[in-house]
Amino acid sequence: MYVIRAMRMEDVETVARMVALDYDRNLEKGYRTAKEHTLDHLKIVPQHCYVVEDDKGNIVGAMILHPQEEIFEIEDFHIKDIQHNKGALKILKEKLMKYLENVETEVLCCPYALKRLIQET
């Protein structure tokens with residue numbers, strides 16, 4: 001059973017390590033960038049930052065959205081070991097789709113997030 005919840009400051013390390021390679025091919029450089037990016041969004045739009053936990057309380061997914069006046073950004077959309085966590089993918093997609101139902105602006109999505117969004121659940 002997977003649970004989606006608001007991201008907390010103590011989740012930043014885990015999320016940054018999980019999404020690091022989406023930011024740079026160098027794991028450590030990607031981690032530093034991802035950590036900074038995640039912290040920034042937790043300060044700016046904490047109500048749009050989410051994690052998904054598995055039944056053991058491990059974070060296996062993360063999503064950061066940044067709705068703005070002229071554009072809606074899907075900043076991060078990541079599922080760890082996607083083949084084994086399809087339930088996490090499904091719950092995260094459902095949350096995103098609820099947001100997108102009311103979006104009246106352009107939507108911007110990074111290529112890594114887009115790739116995961118089109119994964120079969």
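How many nonpolar, polar and charged residues are in the lining of the largest pocket? The lining has seven nonpolar, one polar and four charged residues, where Ala, Val, Leu, Ile, Met, Phe, Trp, Tyr, Cys and Pro count as nonpolar, Asp, Glu, Lys and Arg as charged, and the others, Gly among them, as polar.

The model is predicted: local features need pLDDT of at least 70 and side-chain atom pairs count only at pLDDT 80 or more, while totals for chains, interfaces and linings use all residues. Residues are numbered from 1 along each chain as its sequence is written, and side-chain values use heavy atoms, with hydrogens and water left out.

**Pocket.** A pocket is an open set of points on a 1 Å grid over the protein atoms alone where a 1.4 Å probe fits, with protein on both sides within 12 Å along at least five of seven lines; lining residues have an atom within 4 Å of a point. The largest pocket has a volume of about 150 Å³. Its lining includes Asp 22, Tyr 23, His 37, Glu 73 and Cys 109. Strand 4 gives the most to this lining, with four residues.

**Helices.** Helices (H or I, at least four residues) and strands (E, at least two) are DSSP runs, numbered from the N terminus. The expected span is 1.5 Å times one less than the number of residues.

| Helix | Residues | End-to-end C-alpha distance | Expected span |
|---|---|---|---|
| Helix 3 | 86-100 | 21 Å | 21 Å |

Buried means under 20% relative accessible area, exposed over 50%, and partly exposed in between (1.4 Å probe, protein chains only). In helix 2, Gly 30, Tyr 31, Ala 34, His 37, Thr 38, His 41 and Leu 42 are buried. Seen down the axis, these buried residues fall within an arc of 140 degrees, so they line one face of helix 2; the arc is that of the directions from the helix axis to the C-beta atoms. On the other side of helix 2, Arg 32, Glu 36, Lys 43 and Ile 44 are exposed.

In helix 3, the buried residues are Ala 88, Leu 89, Leu 92, Lys 93, Leu 96 and Tyr 99. They cover an arc of only 130 degrees around the axis, which puts them on the same side of helix 3.

**Loops.** Asp 81 is found in the loop between strand 4 and helix 3. Its phi is near 45 degrees, a positive value in a residue other than glycine. Asp 81 is partly exposed, with a relative accessible area of 45%.

Terms used: Points joined across faces, edges and corners; volume = space filled by probe spheres on them.
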